[in-house]
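Here is a short briefing to read alongside the sequence and the 3D view. Have the viewer open and follow the residues as they come up.

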Amino acid sequence: MSFRKMVKNKVKNVELVTNNILVYVKVPDTTTESGLTISEDTARAVKKDITGEILIVGPDVENFKVGETILLPPHGSTPVSIDSEVYHVFRETSLFGKIKK
């Protein structure tokens, strides 16, 4: 089973309210160009653009859809744990924008 299908199966029973969006935050690469391994926190600090994939949108969300890759702020989310996996809930107004493929 692909990672995307596995994640969607874990969150399929979650229903959001108002303009909330459930996001899987993509972990930046922890290996530098020179081959050094760094911690996830350091990788997030070095990589300025934090991205995530939208898994669920609330009924009042107007500008985003499930499956889109988005730019995220470094703070302002509410972490939630579902089946021992951590996801983040954002309000629509706190998101920066979409990344077009």
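In this predicted model, the largest nonpolar core is built from eleven residues: Ile21, Val23, Val25, Ile50, Ile54, Val61, Phe64, Ile70, Leu72, Phe90 and Leu95. Two or more of its residues come from each of β1, β2 (50–57) and β3 (69–72), and β1 makes the biggest contribution, with three. A further core of nine residues lies apart from it, including Leu22, Tyr24, Ile56 and Tyr87. As background, nonpolar side chains in soluble globular proteins tend to be buried together.

**Overall layout**
- The protein has two helices and six strands.
- Reading from the N terminus, the elements follow the pattern α-β-α-β-β-β-β-β.
- Of the 101 residues in the protein, 34% are buried.
- Among contacts with a separation of 6 or more, 61% are between residues 24 or more positions apart.

- Six strands form an open sheet in the order β4-β5-β1-β2-β3-β6, and the pairing is antiparallel.
- At the edges sit β4 (78–82) and β6 (97–98), each of which pairs on one side only.
- Four bridges link β2 and β3, again in the antiparallel sense.
- Isoleucine 50 has leucine 72 in β3 as its bridge partner, and both residues also belong to the eleven-residue core.

**Asparagine 20**
- You can find asparagine 20 in strand β1, which covers residues 20–25.
- Is asparagine 20 buried or exposed? Its relative accessible area is 13%, so asparagine 20 counts as buried, the cut-off being under 20%.
- Leaving aside residues up to four places away in sequence, asparagine 20 touches Ile56, Val57, Gly58, Val61, Val89, Phe90 and Arg91.

**Threonine 31**
- Where does threonine 31 lie? Look in the loop between β1 and α2 (40–46).
- Threonine 31 has a relative accessibility of 38%, so this residue is classed as partly exposed, between the limits of 20% and 50%.
- With residues up to four places away in sequence left out, the contacts of threonine 31 are Leu36 and Thr37.

Methods
Residues are numbered from 1 along each chain as its sequence is written. This is a predicted model: local features need pLDDT of at least 70, side-chain atom pairs count only at pLDDT 80 or more; totals for chains, interfaces and linings use all residues. Side-chain values use heavy atoms; hydrogens and water are left out. Buried means under 20% relative accessible area, exposed over 50%, partly exposed in between (1.4 Å probe, protein chains only). Contact means heavy atoms within 4.5 Å. A nonpolar core is a set of buried Ala, Val, Leu, Ile, Met, Phe, Trp, Tyr and Cys residues joined through side-chain atoms within 4.5 Å. Two strands pair if DSSP finds at least two bridges between them.
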